[in-house]
Structure formats: structure tokens, C-alpha cells
Amino acid sequence: MRTATFTDLLRKPKEVLAHIDEGQVRITRRDGDDLVILRGHDLDVLENGVALSSLLIRAIGRNKGDVVAALTELFAWTGEFAPGELRAYAAEIEQLLYAASELGTFERLLRAQQEWKETAVAYTMGMRPVEHLELPAAPIRVDRP
């Protein structure tokens, strides 16, 4: 996080705000609490990530650590998944949830949650995964007429 003084912000606002794309900018003030300037997207990710994390952690606690049960309790659309897919979803979300909570970065958690939800929507519309296609290990010789 970049740091600048309030005086710097008043005297050279373009120079101070030029760093906003690198992350948050802390503005220190002599006679008050520091201010933090961040992009709207970053604030949205933080707010939505904290909300989703809180929701998930409470549900996992209610279900005595059973992430699959927590997800099915929270999201009716998980009924679209086969048992193996549901376990994969739970494993991915659990790993990302705890990492995001420790690191304070929620982008990957939110993206994974959205991708799983979009998969459920696709299933609802009739789309399903295709069977894995096995290709021969070596080229097959074909005689042509």
C-alpha cells in the first residue's frame, strides 16, 4: 500500500492518485485518522468477499465442519450437481475460503463461487458435461482406396 500525506494529496492529487491502480493509497493526517483511497471494484470485492466468507463459515459451523452440507443448505442450486461434482465444489470452496480469510483477498473465492453457480445455471438449461473422449496413444494407419 502506497502512503502519502494529506498535504501531498492537496498539492499533487494526480501524482498521489496515479498509484491507485497498484492498490490502495493511505493518506496520513496529522490531526486525524488516516484515510484510505481505493478503487470501487476493490471495495466491492472486499465487501462481497467478507459477506460470502461470513455466510460460509457460519454454515460450516452449523453443520459441524461438513462443507457439502453447508453448501447444500445455503444454495439450492447445488442440487444440480452430481455427488462427485458437489464434493469437488466443496473442496475448492473450502480451500479458497480459508486462504481468503487468512490473506484478506477474496477475488479467487468470489470467482470460483460465481463459476460454480454459472455451471449450475447451465445444467438447469439442459447442458451437461460431455463424456471424456479417449484418443489412441499412437496414430492409426488407414489404408485409402
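Basis of the entries. The model is predicted, so I note that local features need pLDDT of at least 70, that side-chain atom pairs count only at pLDDT 80 or more, and that totals for chains, interfaces and linings use all residues. Residues are numbered from 1 along each chain as its sequence is written, and side-chain values use heavy atoms, with hydrogens and water left out.

Glu85. I placed Glu85 in helix α5, residues 83-103; helices (H or I, at least four residues) and strands (E, at least two) are DSSP runs, numbered from the N terminus. Leaving aside neighbours within four places in sequence, I found Glu85 in contact with Trp116, Tyr123 and Pro129, where contact means heavy atoms within 4.5 Å. From Glu85 to Thr5 I noted 51 Å, C-alpha to C-alpha, for 80 residues in sequence.

Helices α3 and α6. I recorded that α3 (residues 40-62) packs on α6 at about 70°, with the axes 9 Å apart. Axes are lines fitted to C-alpha atoms, for helices over the stretch in contact, and angles run from 0 to 180 degrees between N-to-C directions. α3 and α6 are therefore roughly perpendicular, the word for 65 to 115 degrees; under 35 is roughly parallel, over 145 roughly antiparallel, and the rest oblique. On the α3 side I listed His41, Val45, Asn48, Gly49, Leu52, Ser53 and Leu56, which meet Glu107, Leu109, Leu110 and Gln113 of α6. I sorted the residues of this contact into five nonpolar, five polar and one charged; Ala, Val, Leu, Ile, Met, Phe, Trp, Tyr, Cys and Pro count as nonpolar, Asp, Glu, Lys and Arg as charged, and the others, Gly among them, as polar.

The sheet. I found three strands in an open sheet of mixed pairing, ordered β1-β2-β3; two strands pair if DSSP finds at least two bridges between them. β1 (2-5) and β3 (35-37) are at the edges with a single partner strand each, so one side of each has no neighbour in the sheet. Strands β2 (residues 25-28) and β3 run antiparallel and are joined by three bridges. Ile27 has Leu35 in β3 as its bridge partner.

His132. I located His132 in the segment after α6 (107-124). His132 counts as exposed, at 67% relative accessibility.

Key:
Buried < 20%, exposed > 50% of the residue type's maximum accessible area, 1.4 Å probe, protein only.
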